[in-house]
Amino acid sequence: MARKRIKVTQETQTGRNKKFHDNYTGEDMTRKQFVNEINRGKYPNYHTRNINGVETPVSNPDQSKLNNLD
């Protein structure tokens, strides 16, 4: 089975995803860095949503569990 591309490595006390790790490249990213990379098109299986005024990375709705953030 293939491994997930992105893993959440840190959350806030309220559960907002704060830091991320790209399992393919080894890159660690903050939420803002990940949002910027998504907007540049580097991660086509993800998009962003404005949640409570904060641009937030989310996986695209599909049948795949490999791109879910957890």
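Buried here means under 20% relative accessible area, exposed means over 50% and partly exposed lies in between, with a 1.4 Å probe and protein chains only. The model on screen is predicted, so local features need pLDDT of at least 70 and side-chain atom pairs count only at pLDDT 80 or more, while totals for chains, interfaces and linings use all residues. Residues are numbered from 1 along each chain as its sequence is written, and side-chain values use heavy atoms, with hydrogens and water left out.

Helices (H or I, at least four residues) and strands (E, at least two) are DSSP runs, numbered from the N terminus. Of the 70 residues, 27% count as buried.

Next, select T56, which is found in strand β5 (residues 54–59). Is T56 buried or exposed? T56 is buried, because its relative accessible area is 8%. Show its side chain and that of R16, and a polar contact of 2.8 Å joins the two; such a contact is a pair of N or O atoms within 3.5 Å, where within protein one must be able to donate a hydrogen and the other to accept it, and residues adjacent in sequence count only if both atoms are side-chain atoms. The T56 side chain also reaches the backbone oxygen of V54 at 2.8 Å. Leaving aside neighbours within four places in sequence, T56 is in contact (heavy atoms within 4.5 Å) with R16, V35, H47, T48, R49 and I51.

V35 leads on to α1, whose buried residues are F34, V35, E37 and I38. These four cover an arc of only 165° around the axis, and therefore lie on the same side of α1; the arc is that of the directions from the helix axis to the C-beta atoms. On the face turned away from that buried side, select the exposed residues K32 and N39. The cover over the buried residues of α1 includes β1, β2 (17–22), β3 (28–30), β4 (46–51) and β5. Just after the helix, G41 takes a positive phi of about 95°.

Now select I6, V8, F20, M29, F34, I38, Y43 and Y46, the eight residues of the largest nonpolar core, meaning a set of buried Ala, Val, Leu, Ile, Met, Phe, Trp, Tyr and Cys residues joined through side-chain atoms within 4.5 Å. The elements that give two or more residues to this core are β1 and α1 (31–39).

Finish at K7 in strand β1 (residues 6–11), which is partly exposed, with a relative accessible area of 45%.
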